[in-house]
Amino acid sequence: YARSKTFRKCFGQNSVTVSCEQVHPVVEIGPPPERQINKFQDKIIFAIRNPLTIVPAHFQSKAVAYHGANGQASVDGWRQFRDEWLERGVVGSWKSVITTWSNMTNYNGIGLYLTFEYLLDIEKGPKTVAKLAQILGDAGFSVASNTDCVWYHAVQDSLKAQHIYYPYATDYVPGYTQHQKDYMIQELQDVQQTYPDDVELFSIVDLYIQQIQQES
């Protein structure tokens, strides 16, 4: 927290840091993560979500935080943002995070893809949280034994939402032009071609491509 006097760069004076969220290199940090391996576990927990849904989620969060949106932002505002920024950097930034963290040699690879879509799946969600608990346990932290219960209490509101991938979509479901969907698919396929041996990433991206193809 930038204004905090007791909590700086993920570490507090009297608290234990379990995890540290970064979007490097979209928001660069210094020293870079490669030079901070001595502060963190060597396995990376990589949060990932389909650009199909993370782009409108990002737009909505900005509308609430900086423009005083009360409820869902306007469809005209969404379309303007989408048309201006989707191909000018939003998806490119998404790819750059994958590339940057996948290529880091100082860490022992990505220990877990914390996949947003899996977390909202009644079969894959509990398994994902169990894997997360194992990684945190291996790092020396105490974790709950009933991870199924932890998973349910964390996502129950999202599971009850009318639009599971757009829980805030009360007036409309954010959509894309066919050209924009084709563009996202091409970018995702490029990720698969860049990391063909990363079986888990390949499978996740394949799911994302299917979701985009099925989007009406």
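User: How many residues apart are Arg-88 and Glu-84 in helix 2?

Analyst: Arg-88 and Glu-84 are 4 residues apart in helix 2, so about one helical turn separates them. This is a predicted model. The two form a salt bridge, with their closest N and O atoms 3.6 Å apart.

User: Are those two buried or exposed?

Analyst: Arg-88 is exposed, at 58% relative accessible area. Glu-84 is partly exposed, at 33%.

User: What does Asp-83 pair with?

Analyst: Asp-83 meets Arg-82 in a salt bridge, at 2.8 Å from N to O. Arg-82 counts as buried, at 8% relative accessibility. Asp-83 is partly exposed, at 48%.

User: And Lys-95, which residue does it meet?

Analyst: The side chain of Lys-95 meets that of Asp-190 in a salt bridge, 2.8 Å from N to O. Lys-95 is in helix 2 and Asp-190 in helix 6, so the pair ties together parts 95 residues apart in sequence. Lys-95 and Asp-190 are also in a salt-bridge network with Glu-187.

User: How many salt bridges does the structure hold?

Analyst: It holds 4.

User: Back to helix 2 itself. Where is the kink centred?

Analyst: On Leu-86, and the kink is about 80°.

User: What do its buried residues pack against?

Analyst: They pack against strand 3, helix 1, helix 6 and helix 7. Among the buried ones are Trp-78, Leu-86 and Trp-101.

User: New topic. Which residues form the nonpolar surface patch?

Analyst: Val-23, Val-26 and Val-27, with about 240 Å² of accessible area together. Val-27 sits in the loop between strand 2 and strand 3.

Conventions:
Residues are numbered from 1 along each chain as its sequence is written. This is a predicted model: local features need pLDDT of at least 70, side-chain atom pairs count only at pLDDT 80 or more; totals for chains, interfaces and linings use all residues. Side-chain values use heavy atoms; hydrogens and water are left out. Patches are made of residues with over 30% relative accessible area and no salt bridge: like charges are joined within 9 Å, nonpolar side chains (Val, Leu, Ile, Met, Phe, Trp, Tyr) within 5 Å. Accessible areas come from the Shrake-Rupley method with a 1.4 Å probe; for residues, only the protein chains shown count as cover. Helices (H or I, at least four residues) and strands (E, at least two) are DSSP runs, numbered from the N terminus. The bend at a residue is the angle between axes fitted to the seven residues ending there and the seven starting there. Buried means under 20% relative accessible area, exposed over 50%, partly exposed in between (1.4 Å probe, protein chains only). Contact means heavy atoms within 4.5 Å.
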